[in-house]
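Here is a short note to read beside the model. Please keep the 3D view open as you go through the points.

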Amino acid sequence: MKLLHVFLLFLCFHLRFCKVTYTSQEDLVEKKCLAKKYTHLSCDKVFCQPWQRCIEGTCICKLPYQCPKNGTAVCATNRRSFPTYCQQKSLECLRPGTKFLNNGTCTAEGKFSVSLKHGITDSEGIVEVKLVDQDKTMFICKSSWSMREANVACLDLGFQQGADTQRRFKLSDLSINSTECLHVHCRGLETSLAECTFTKRRTMGYQDLADVVCYTQKADSPMNDFFQCVNGKYISQMKACDGINDCGDQSDELCCKACQGKSFHCKSGVCIPSQYQCNGEVDCITGEDEVGCEGFASVAQEETEILTADMDAERRRIKSLLPKLSCGVKNRMHIRRKRIVGGKRAQLGGKMKQISLDIFKGLHKVYAILEFCCIILK
Ligand SMILES: [Ca+2]
Ligand SMILES: [Ca+2]
């Protein structure tokens, strides 16, 4: 009997322990907040893009003329030239389809493409790109590849939910003799890989190449311990509140009581990557990621050869040109309203007649006073 008690006690302890380790992961996420379905377009949580504006908690597209006028010309995939990046993005936001192609003027032969090679299906493979100014296609170095870039590449290829966080691409026996590859850096919310910055770094010898498996509905097999993104994608619960936008719509980083891994917790309940802390741009809507940054050393940049324009720097520049504060002002739509201050609500019917009579009597009294004054003055 005693042995049974000991066994039951051990079982209870084990179950409790298991529950604690399980809920500690879930405890990072605030359930009530999740019901509000916040995404990267929820301006109660995050800043809108410079080509959007915040109206009643949602980022909506600006009209191109509402963009700052300063900037350099950009070319879109339909070969149409725009005076600024902001104008191109605002039109893309209003009418999705045409995307950013290159910074500068449009050329007849300019073409950007991204494709997946050596995969069994169209949704997986090694990532190959053809840059606008380059003649040949090139692979991307694995060392520069993260979930941010993977989501953008998949979105560019038409997979709306971005990259799969669970499945890995397995290259068969095929060996690729490539001693050269491109480094790429995205912010994660671009709609085309062409908007990301490509650099060629001094490399020695063979490098592993970047691969991706894009998320498809077929891959939709929820795990035991999953987090469902607002866009419908399933990711591991372990990937919520780690500062990395695994969902693609940022919904795994917007309802966090605390953050894990290399991330910074904003008071608004948002987890941002730790490299966004003290980077000179306010990322938390409450601003604390740029507070107390004295003596915060910036990471030295490696020697690089930049092959495409830094459109993220251009985005930051446009953001800096926008009005900083608009407290208490909902939007720029001016609606004229006439108001009557004070008085009593008028009654219908016979009361109106009485009011008119009262006004007449009042005027009559004023006239009598004026006449009396005139007699005295004479
Ligand atoms: Ca995440
Ligand atoms: Ca920052």
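1. What arrangement do the six donor atoms around the calcium ion (ligand 1) make? It is octahedral, because the angles they subtend run from 79 to 176 degrees. Six donors count as octahedral if opposite donors are over 155 degrees apart and all others between 65 and 115. Ideal angles for six octahedral donors are 90 or 180 degrees.

2. A word on the basis. This is a predicted model, where local features need pLDDT of at least 70, side-chain atom pairs count only at pLDDT 80 or more, and totals for chains, interfaces and linings use all residues. Residues are numbered from 1 along each chain as its sequence is written.

3. Now the donors. The calcium ion (ligand 1) is held at 2.2 to 2.3 Å by Lys-239 (O), Asp-242 (OD), Ile-244 (O), Asp-246 (OD), Asp-252 (OD) and Glu-253 (OE). Donors are N, O and S atoms within 3.2 Å of Ca; water is not among the atoms, so sites may look incomplete. Along the chain their spacing reads K-x2-D-x1-I-x1-D-x5-D-E.

4. Asp-246 is buried at 3%. Glu-253 is buried too, at 1%.

5. Next, the inside. One cavity of 30 Å³ or more is counted. A cavity is a set of points on a 1 Å grid where a 1.4 Å probe fits but cannot get out; lining residues have an atom within 4 Å of a point. The largest cavity holds about 430 Å³. Its lining has 26 residues, and Arg-187, Leu-189, Gln-250, Tyr-276 and Asp-283 lie nearest its centre.

Key. Chains lettered and ligands numbered in written order. Heavy atoms only, no water. 1 Å grid on protein atoms, 1.4 Å probe; cavity = no way out; pocket = protein on both sides within 12 Å on 5 of 7 lines; lining within 4 Å. Points joined across faces, edges and corners; volume = space filled by probe spheres on them. Donors = N, O, S within 2.8 Å, 3.2 Å for Na, K, Ca; no water. Tetrahedral: all angles 85-135°; square planar, octahedral: opposite > 155°, others 65-115°. Buried < 20%, exposed > 50% of the residue type's maximum accessible area, 1.4 Å probe, protein only.
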